[in-house]
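Dear colleague,

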Amino acid sequence: PLRTPIPTYPVLATLATAVALCNDSSLQLNPKTGHANRVGEATEAALRVLVEKLGLPLEDGGAAVLCSLSPEDRLLHCNAHWEAQYTKVATLEFTRDRKSMSVLCAPRQESSGTHVLFVKGA
């Protein structure tokens, strides 16, 4: 069975969320080869792959859900899960001066008016 580290290390859920939200890349499945191809910067695509390898928490189905998906549905399933936890309010794109990307988000489950700033960078 597929095992994911999210249930063992909850801090990885925060990492997965930040990486999924602060990311402009995508992955596409090549139907001829069955391999994933990146769309966008290589580093950002590699971070998308990391989120997929980190997986899902047990309360959201964990590895059992992932094993039941087709390759097409599985490709970015974990990224979509983590992105769905928040609504993007504003984005500060990566620049050479800032050397980071920031995304201001509002949790979808809370109505307290709180926001979270996720930052990815050097």
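Glu-44 is buried, with a relative accessible area of 14%, where buried means under 20% relative accessible area, exposed over 50%, and partly exposed in between (1.4 Å probe, protein chains only). Its salt-bridge partner is Lys-120, with the closest N and O atoms 2.8 Å apart. This pair joins distant parts of the chain, 76 residues apart: Glu-44 belongs to helix α2 (residues 42-54) and Lys-120 to strand β5 (residues 116-121). Lys-120 is likewise buried, at 17%.

The model is predicted: local features need pLDDT of at least 70, side-chain atom pairs count only at pLDDT 80 or more, and totals for chains, interfaces and linings use all residues. Residues are numbered from 1 along each chain as its sequence is written, and side-chain values use heavy atoms, with hydrogens and water left out.

Searching the whole structure gives 3 salt bridges, each defined as a side-chain nitrogen of Lys or Arg within 4 Å of a carboxyl oxygen of Asp or Glu. Helices (H or I, at least four residues) and strands (E, at least two) are DSSP runs, numbered from the N terminus.

A further salt bridge, at 2.9 Å from N to O, is formed by Glu-83 and Arg-48. Glu-83 lies in helix α5 (residues 77-83) and Arg-48 in helix α2, 35 residues apart. Glu-83 is partly exposed at 25% relative accessibility, whereas Arg-48 is buried at 6%.

Arg-74 and Glu-52 also form a salt bridge, their closest N and O atoms being 2.6 Å apart. Arg-74 is in helix α4 (residues 71-74) and Glu-52 in helix α2, so this pair ties together parts 22 residues apart in sequence. Both Arg-74 and Glu-52 are buried.

With kind regards
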